[in-house]
Amino acid sequence: MNFTEILLIIGGIALVVTVLVYPRDVFKTLFIGIPRAILVSILDKIWIILIPIWGPFWLLDRYFKWGVFNRAEMVFDSEYQYSGRKRKIDFNKFSAYILTTETNGNKVSQEILEATSTIQDLDGLEYHFIENEKYLIIELPKIEFFAFCLLIQCMKNQIRDSEVYGFAMSSRSSFFLYQDQKTTNNLIGKTNTNKSISVSLYDNLDKEPYLRMNHEIELNDKLTTEFFASLVKPSSK
């Protein structure tokens, strides 16, 4: 058995292990990611020629605010960012929490440990659990806004079958965020004034913490800041 054959065997074993451990990621890459990239490459070359076809529909979409083209852009652009007015926040004045329906504390602790060991912005993270019947509540006494958003996304990626929400509240305002399933690096949610918001992890949130206000974002209307506030006991800041 020569060196090339050994490498092929090792590569085959690694491929099988990857499929078994991360079946969803493999499926998403093979049947969504690659075909989408091919389609985007084709459309990028011929979109001008097709203006007479899609142009009138684009104008109608903008006029009536249907949002059809926005949703299409989300599908074909993994780096899609929601637009909207920026609302700066002083996150040091907020008490921060993450709530998840995964109530196994040992499992959640392991996921947090994995996140802190691989993501520099989460290094030295302090947290403790608050018991609740439906949710496991993670209180984060000292966390920056960018790290808070990263942790929401990271935990949702790790415990995919469970709900994961980030909630923050101060003496004057509050908001919640969760991973947007239509895009890759956006969190969406609402404020205590029922305004729809988004956060893009591509933005410089570590230097300028802010929320984007956008009433066109589609949200779960059953979720409110009052609901999350009723579950937590915030520390004073």
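My entries below go through the cores, the aromatic pairs, one loop serine and the cysteines.

**Ground rules.** I am working with a predicted model, where local features need pLDDT of at least 70, side-chain atom pairs count only at pLDDT 80 or more, and totals for chains, interfaces and linings use all residues. I number residues from 1 along each chain as its sequence is written, and my side-chain values use heavy atoms, with hydrogens and water left out.

**Cores.** I searched for nonpolar cores, meaning sets of buried Ala, Val, Leu, Ile, Met, Phe, Trp, Tyr and Cys residues joined through side-chain atoms within 4.5 Å. I took buried as under 20% relative accessible area, exposed as over 50% and partly exposed as in between, with a 1.4 Å probe and protein chains only. The largest core has 37 residues, and Phe 91, Phe 145, Phe 148 and Phe 175 have the most contacts inside it. Elements giving two or more residues to this core include β2 (95-100), α5 (105-118), α6 (145-158) and β6 (174-179); helices (H or I, at least four residues) and strands (E, at least two) are DSSP runs, numbered from the N terminus. Helix α6 gives the largest share, 10 residues. I also found a second, separate core of 18 residues, with Leu 99, Ile 188, Leu 219 and Phe 228 among them.

**Aromatic pairs.** My search of the whole structure gave 15 aromatic pairs. Rings of Phe, Tyr and Trp (its six-membered ring) pair if their centres lie within 6.5 Å; planes under 30 degrees apart are stacked, over 60 edge-to-face and the rest tilted. I count Phe 91 and Phe 94 as stacked because their ring centres are 5.9 Å apart and their planes are at 15°. Both of these residues are buried. Phe 145 and Phe 175 pair edge-to-face, at 6.3 Å centre to centre and 80° between the planes. This pair links distant parts of the chain, from helix α6 to strand β6, 30 residues apart.

**Phe 145 up close.** Leaving out residues up to four places away in sequence, I listed its contacts (heavy atoms within 4.5 Å): among them are Ile 89, Phe 91, Val 199 and Leu 211.

**A loop serine.** Where does Ser 173 lie? I found Ser 173 in the loop between β5 and β6. Ser 173 counts as buried because its relative accessibility is 14%. Beyond four places in sequence, Ser 173 touches Arg 87, Phe 94, Ala 168 and Asn 192.

**Cysteines.** I found zero disulfides (pairs of cysteine sulfur atoms within 2.5 Å) in the structure. Cys 149 counts as buried at 0% relative accessibility, and Cys 154 counts as buried at 13%.
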